[in-house]
Amino acid sequence: MPERIVDLRSDTVTQPTPAMREAMYRAEVGDDVYGEDPTVNRLEALAAERLGKEAALLLLSGTMGNLVGLLAQTRRGDEAIVGEHSHIFLNEAGGAAALGGVQLFPIPSVRGVLDPARVEAAIRPENVHYPRTALVCLENTHNRDGGAAVSVEATDAVAEVAHRHGLRVHLDGARLFNAAVALGVPASRLVQSVDSVTFCLSKGLGCPMGSILAGSAAYITEARRWRKMVGGGLRQAGIIAAAGIVALETMVDRLAEDHRNARRLAEGLSQLPGIAVDLDAVQTNIVMLEIVDPRIDPWQFVRAMAEQGVKIGSPYGRRIRAVTHYQITPDDIDYTLRAAEVALGLVTA
Ligand SMILES: Cc1ncc(COP(=O)(O)O)c(C=O)c1O
C-alpha cells in the first residue's frame, strides 16, 4: 500500500470543508421551484453581486450551467463560435448540438485567448445558406490550455467584436475565481463585458456540487425556464446552496495557495530529465507536464505514480495534467516530486 494518497487528477475531487458540512446541516430550506428556498435565494443574490450581474441561478454542474446558458440565448440552427480546446467543445458530450440544435464553430485558442480577428472572420454573413452566428463562448481559466488566466483586455477585445456584430458572449468560468486571484482583478471586472457567465462551486471552491449562471435579470428568467426543461428545477436545494455561500465567503482568497503549490510542482518537475513543463503557462492551479523522452511511455509514468499513491490525469498524447486544490499541501508536492523521480527510475523507492 502507498504511504499516502495525493490526488492531483482534478480539483473536482475535493471534500466539503467542516464549515460547509455544518452549514449544510443547519441550512434553512424551502421549495426552490416556487422560489421559496431562502438559502438558495441568498446564494444567488451573493453570486450575482460578486459577479456584478443583475441575477444568478444555481445549477447542478458546470456542464448544466453551460448547456442552460447556451440554450437560453440561442435558437435551433444557430451557431456558436468556441475555442477549439474549450470544455464546451471537447467535454460536454455535444449537448449544445444534441439538446439545443446549436452548431459549434471551433477556432484556435492560444493560452485560452481567442484572436478577435479570427472571431470576426468566423462570423457568418447574412445569407440563406449559412447558419446564424448567435454567440461567442470564452473560457477562463482555460482548462485544456493549462489553467491559463485570460486577461480583462483579451476578454473585452472579443466581446467588443461580438457585440459590434450583434452577437452575445458567454463565459465558461468554471474556475473564474482562480483567474481573478491569479490576475489580481475582481471577478466582476473579468466578466463585465460578457452577457452570461458560469462558475463552479465545486472544483477549487470545494463544494460537493453546484454551479452558478449569471447575467441580466431577463436572461436569468429565461434560463430558469430552460433549467426546468432539462430537469434541473430543484426543491430543497438550500442543502447545496449553504455550502456555496461558505465557498464564496471563505474559499476564494485561499486559491492563491493552490497556485503556489502548482508553481512549486511545475518547477520541480521541469528539473527532472525526460519531463518538460512550460513554466510561463502555469498561471493558476493546473500543471501540464509533457513526457518528452520518447523512451518513456506516458501511461507507464501515470501507473508508476499511482503505485506510489500519486494520482494524476490520463495522458493526452504525451501531455499529462496535474491539478492542485485545498486538500493538497506543500508536503504533498514534495512527496509527488519524489514519486516522479522514482517513476522515472532516477532513484529507488
Ligand atoms: C472549463 C470547464 N468547464 C466546465 C466544466 C464542467 O463542470 P462539471 O464537471 O461540473 O459538469 C469543467 C469541468 O471540469 C471545466 O473544466
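Trainee: So a polar contact is a pair of N or O atoms within 3.5 Å; within protein, one must be able to donate a hydrogen and the other to accept it, and residues adjacent in sequence count only if both atoms are side-chain atoms. With that in mind, which backbone nitrogen does the side chain of Thr133 reach?

Mentor: The one of Arg124, at 2.9 Å. Keep in mind that this is a predicted model, where local features need pLDDT of at least 70 and side-chain atom pairs pLDDT 80 or more, while totals for chains, interfaces and linings use all residues. Residues are numbered from 1 along each chain as its sequence is written, and side-chain values use heavy atoms, leaving out hydrogens and water.

Trainee: Fine. Where is Thr133 found?

Mentor: In strand E5, residues 132-139. Helices (H or I, at least four residues) and strands (E, at least two) are DSSP runs, numbered from the N terminus.

Trainee: And is Thr133 buried or exposed?

Mentor: Thr133 counts as buried because its relative accessible area is 12%. The cut-offs are under 20% for buried, over 50% for exposed and partly exposed in between (1.4 Å probe, protein chains only).

Trainee: New topic: the ligand. Which residues are around the ligand?

Mentor: Ser61, Gly62, Thr63, Asn66, His87, Glu92, Glu139, Asn143, Asp172, Ala174, Arg175 and Lys203. To be near, a residue needs one heavy atom within 4 Å.

Trainee: Which helix gives the most to that shell?

Mentor: Helix H3, residues 62-71, which gives 3 residues.

Trainee: Which side chain has an N or O atom 2.7 Å from a nitrogen of the ligand?

Mentor: That's Asp172, at 2.7 Å from the ligand nitrogen.

Trainee: What does the side chain of Asp31 make a polar contact with?

Mentor: With the side chain of Arg235, at 3.2 Å.

Trainee: Last one: what's the story with Leu344?

Mentor: Leu344 sits in the segment after helix H14 (330-343), and Leu344 is buried too, at 17% relative accessible area. In sequence, Leu344 and Ile296 are 48 residues apart, yet their C-alpha atoms are 8.0 Å apart in space.
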